[in-house]
Amino acid sequence: MEPALDDAIRLHKSGNHAGAEPLYRAVLDRDPANRGALQMLAMLLVQTGRPAEAVGHFQTILRLEPGGVAGYSNLAAALRLAGQGAEAIACLHRALALDPAHAASWFNLGNGLKQLEKAAGAARSYQRTLTVEPGHAGAAGNRKTLRDQWGPRLDEAERQATAARHPLADADARAAAAEALLAVGDAAAAETMARAALDRDDRNHRANRLLGRLLLERSGAMDVRSGKPFAVDRSLVEEAIGALRRAVAVRPDDDEADWLHVAAVATLVQVGMASEAVLRDGARAAWARLRRHPKDTVAASVIGFHVYRRDRLVLASWLSQRFRRRFPAAEVAREHELGLWTMLRADDAFFRALPPVDAVLESMAPLEWRIEPAPGPAGEPATEPAVFFCCDDVYFRRFAPALLESLAERMPGATVAVHVVAPSPETEQAMARWGTDGRLRVGFSLDRPEMVGWADVKRVTYYASARFIRALQWLRRLDRPLMVIDTDAHVAQDLRALSVEMAGYDVGFLVDGRRRGPSREITVCFNLYNNTPGGDRFLSLLGAYIGHFLAGAEVYWMLDQMAHYAVLDWLNRHEPIRVRRFDFLNFPYCHFVGAK
């Protein structure tokens, strides 16, 4: 053993955590794959109340020893203490698949299930721990604590389950047993019992409602959060919807089943998995629900999704404006989906009343041109596109250096225009360096808007949406096609190759073909505007649309995406432009950090 590691362990065991930690880190600086130092430092971090930091070290150990049962068990314990209970349970199941007789994993599984209030599973896990290791004091003590807290409910669940397994037990008895099993956290047994109840009577209200809820939880649909990774099992959600519809058919006043049904449909649309039939039936249920709950935003969004899928955006706009009047501004600000639909305007009266984009520009903070791109080589075609990105100072420091490096690597000599809102002196210095770097022909502009009194949502929406107004100014200044790209993107191939595909078009968009809603279809993480009358007309109307909302008090996240879809819809009905659609899910030129 390395002497420094030996010293660190000696200090650690004596309780001198402050002395041991820097020694462990010094060993890892010299040898990042030192298994002993990784293990001991991770344990020290757990002991000193930093389990989230320990997780990374336990994960490194598993990468070094993929089959290590103890490694999975230790990682699970850290995950549980870090508040990631579901991830911890998954780790422990992997450990027990490798070694079903690993007592520490059974014990940690019991603790994890107990934390999640899955008492039945916790009791079984502690029992398995004691079977494998009869003298395990922790398992014995935790099992007693669990029995003190959950004993009567566990006994009742077992009694009802035993009675429900009798061949003559009716649907109500089995549904009651399913509810008792769920009350002690045994979801798998509850689902089996609910299905057994439906075998007796497929219209049993309690069993259908319970099965629907359990299937939704198992499907992943209830874990969908904006900006977070998720996985949804479409077949399970559709089965859940079927069960919930049966429950509501028997008991139309079942508010829980009714709401779960509508919410499940909304989730399927938002993740791109809703069939036309599911959405149609969900919209019918949503109309009925709105009559009972006039301010149900989920039901209203399902109706909006259905109308949008029928390509009747004017009607969707009218419905959303009518629904919006039921809420004060503070309530709209708290409801993301409601705020999003508030920004949908597709009617002719709205578009014809928009001021020209030049009036919008006059009302904004003036654009300051700081660096002009160097001229291209003689003979460079006028169709050579420029790349444009825009962000605030925080986003610039976080993402722009990597994007600029990827552009320099994949597109040497390209013209790149950068606009930063309220840049710091450090950012201006960074752009000055890029201006003389030589690998790219760089342009730089900035503005400093007065944002005093703006809500946070308006500030972040300004950064995301005003970029398209600045893009229009750069398009006109450069008089060449302009590619607008997210600052958190990484360029994988030379984007100039798209010039051939854009010949004869005015605009090019990344389109999500899963029809997830008018604010999610044109993703705006990469757009291309040709320097044609149609390209200028689109950006001008887009700038007027965005400017209308930025000038008011109510402006919400994803305005830029909603504006693109609404403007394109209006132009297609009145002044068609030529649109090239690229598949968002299969676009090889860029990778994006942000969730879309």
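Predicted model: local features only at pLDDT ≥ 70, side-chain atom pairs only at ≥ 80, totals over all residues.

Residues are numbered from 1 along each chain as its sequence is written, and side-chain values use heavy atoms, with hydrogens and water left out.

**Exercise 1.** Work out the overall make-up of the protein.

*Solution.* 
- Step 1: count the elements. There are 28 helices and 10 strands, taken as DSSP runs (helices H or I, at least four residues; strands E, at least two) and numbered from the N terminus.
- Step 2: get the dimensions. The C-alpha trace spans about 85 × 75 × 45 Å along its principal axes.
- Step 3: check burial. Of the 596 residues, 53% count as buried (under 20% relative accessible area; exposed is over 50%, partly exposed in between; 1.4 Å probe, protein chains only).
- Step 4: look at contacts (heavy atoms within 4.5 Å). Among those between residues at least 6 apart in sequence, 69% join residues at least 24 apart.

**Exercise 2.** Compare the span of α9 with that of a straight helix, then find its bend.

*Solution.* 
- Step 1: a straight helix of 28 residues would span 40 Å at 1.5 Å a residue (the expected span is 1.5 Å times one less than the number of residues).
- Step 2: α9, residues 137-164, spans only 35 Å between its end C-alpha atoms.
- Step 3: the helix bends by about 75° at W150, with a proline, P152, following within four residues. That bend is the angle between axes fitted to the seven residues ending there and the seven starting there.
- Step 4: W150 is also one of the buried residues of α9, which include L146, G151 and L154. The buried set packs against α7, α8, α10 and α11.

**Exercise 3.** Where do the buried residues of α24 sit around its axis?

*Solution.* 
- Step 1: list them. In α24 (residues 456-465), K458, T461, Y462, A464 and S465 are buried.
- Step 2: look down the axis. They fall within an arc of 170°, so they line one face of the helix; the arc is that of the directions from the helix axis to the C-beta atoms.
- Step 3: find the partners. The buried residues pack against strands β3 and β4 and helices α25, α27 and α28.

**Exercise 4.** Track down the nonpolar cores.

*Solution.* 
- Step 1: a nonpolar core is a set of buried Ala, Val, Leu, Ile, Met, Phe, Trp, Tyr and Cys residues joined through side-chain atoms within 4.5 Å.
- Step 2: the largest has 163 residues, and L542 is among those with the most contacts inside it.
- Step 3: leaving aside neighbours within four places in sequence, L542 is in contact with F468, Y529, A563, H564 and V567.
- Step 4: a second, separate core of 38 residues includes L403, L404, W434 and F526.

**Exercise 5.** Is H12 buried or exposed, and which side chain makes a polar contact with the side chain of H12?

*Solution.* 
- Step 1: H12 is found in α1, and its 7% relative accessibility makes H12 buried.
- Step 2: its side chain makes a polar contact with that of Q47 at 2.7 Å. Such a contact is a pair of N or O atoms within 3.5 Å; within protein, one must be able to donate a hydrogen and the other to accept it, and residues adjacent in sequence count only if both atoms are side-chain atoms.
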